[in-house]
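Dear colleague,

I am handing over the structure below, and my notes on it follow. Please read them with the model open beside you.

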Amino acid sequence: MRNGHVLQSPRAFIGVVVALYVVCLMRLVCAQKRTMNVHVNLDDGKILNDSDTSFRTASAEKQYESEPKSKGYISKRASYEYREAGSGCMRQNAYLAARFPGATRSKLQRDWALVAPESRVFGFVPAFTNVVGANVISPAMNGAHFSMYVVMALQNSAVRGIGSGSEAGNERFIFVLEGALQVEFPEDKDSTCNRKSRVLLRQNTSSPDDRIFTLLPGGFVYLPPRCEAIMTSGMAFNNTCSFVVLDRVYAPSSDNVADLPLAVLGAEADVPVEPVPGEMFMLRRLLPQTPDYDFNFHVMDYEPGEYLNAKEMHYNQHGLLMLEGQGIYRLADEWFPVAAGDVIYMGPFVPQWYAALGHKRSRYLLYKDTARDPLRMFSH
Ligand code: UGY
Ligand code: MN
């Protein structure tokens, strides 16, 4: 060190480089440890760490080891387990919440809302037992005419759910995100779905004679008013189960209330993709487009870089759950980064637009009220 500078000696220089490398390596290891240690308890939303054994997220592989041995129809499994939209997103959000307490993208406006997963608050779900459900869209929001829940079966407990919800005039739609849900149609003669001829199967397998069906991720069921189907999961099948529930009051297409629609059961992967002229997304409509159904559920896929061509405004309401991937959602004059697990309510005529980002497909599940004359709907 004749010139008095430490880096002029090659040995000292190597020493400094090695020391810097070691410091970087240690920071990386610590950061990883921190992310891995954060979990959230789905029962009460409390953050737990890895050593706490009261919370476990079953891996997809584990769940399928314990698939139910049902004798009835088993729905075709979706190409992807929607864990990121169910229990998986809770874990990611616990990490964000731990780093940025109080921060959220969630927002309620007069006619739209974004409910990010960290804002889910779990409570009861009408006509279900042994589940916790977050009522993510509700008539308690200005103007929404439907109720939407993200539901988690409590681990090691049998879930029981009854068809058309707590009110006789309600209809109910269920979409499975992870695990398995068994649906058993009743024999009761007063039920609107007590015969095979009263259940429409939207799937490729030949339909069995019995009344018991098992829905895997991507499986769905529509239950018309007075259809008291029984849903079971949990302990019976030794797995984790999460699903979306949508309830609303059925709106008849005419004054003849007797024309109730058939129950529908199927798997999203079996529903054909429909062409939508001028648009890039792939569209599957899960329910028939006949006038007896007053709503539909769409599954919409976008490759990265694809976007909605129409800058939509329409009288219909939407309830949206991001199932996979990420993108940008425009709601009126605001723009949000969104990802799997996010829920959006869009009221009538809210300007809406979406563009997909990231490296993989993004997909959302979308409720839309359909086939009703707005003049009739809004003049009563
Ligand atoms: O059908 C629709 O209204 C749908 N394209 N809207 C949306 O994706 N926001
Ligand atoms: Mn729309």
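Strands β22 and β23 form a hairpin with 2 residues between them, and in the turn Ala332 has a positive phi of about 50°. Strands here are DSSP runs of E with at least two residues, numbered from the N terminus, and two of them pair if DSSP finds at least two bridges between them. Before going further, please note that this is a predicted model, in which local features need pLDDT of at least 70 and side-chain atom pairs count only at pLDDT 80 or more, while totals for chains, interfaces and linings use all residues. Residues are numbered from 1 along each chain as its sequence is written, chains are lettered from A and ligands numbered from 1 in the order in which they are written, and side-chain values use heavy atoms, with hydrogens and water left out.

The covered face of β22 consists of Gly327, Tyr329 and Leu331, whereas Gln326, Ile328 and Arg330 make up the uncovered one.

Gln352 leads on to the metal site. The manganese ion (ligand 2) is coordinated by Glu312 (OE), His314 (NE2), His318 (NE2) and Gln352 (OE1), at 2.0 to 2.3 Å; donors are N, O and S atoms within 2.8 Å of the metal (3.2 Å for Na, K and Ca), and sites may look incomplete, as water is not among the atoms. The arrangement is octahedral because the 6 donor atoms subtend angles of 76 to 173°, the term requiring, for six donors, that opposite ones be over 155 degrees apart and all others between 65 and 115. Along the sequence the donor residues follow the spacing E-x1-H-x3-H-x33-Q. Distant parts of the chain are linked in this way, with His314 in the loop between β20 and β21 (318-324) and Gln352 in strand β25 (residues 352-357), 38 residues apart. His314 is buried, at a relative accessible area of 12%, and Gln352 is buried at 2%, where buried means under 20% relative accessible area (1.4 Å probe, protein chains only).

Ligand 1 has a shell that includes Glu312, His314, His318 and Gln352, together with Tyr329, Tyr364 and Lys368 among others, each with a heavy atom within 4 Å of the ligand. A nitrogen atom of ligand 1 lies 2.6 Å from an N or O atom in the side chain of Glu312. Oxygen atoms of ligand 1 are placed 2.6 Å from a polar side-chain atom of Tyr364 and 2.9 Å from an N or O atom in the side chain of Lys368. Taken alone, ligand 1 exposes 270 Å², of which the protein buries 93%, the areas coming from the Shrake-Rupley method with a 1.4 Å probe. Strand β26 (362-369) provides the largest share of the shell, 3 residues.

Lastly, 7 strands form an open antiparallel sheet in the order β4-β5-β24-β21-β26-β20-β19, with β4 (107-108) and β19 (282-285) at its edges, each pairing on one side only. Strand β19 is joined to β20 (residues 295-302) by 4 bridges, and Met282 stands opposite Asp301.

With best wishes

Technical notes:
Four donors count as tetrahedral if all angles lie between 85 and 135 degrees; four count as square planar and six as octahedral if opposite donors are over 155 degrees apart and all others between 65 and 115; anything else is irregular. Buried means under 20% relative accessible area, exposed over 50%, partly exposed in between (1.4 Å probe, protein chains only). A polar contact is a pair of N or O atoms within 3.5 Å; within protein, one must be able to donate a hydrogen and the other to accept it, and residues adjacent in sequence count only if both atoms are side-chain atoms.
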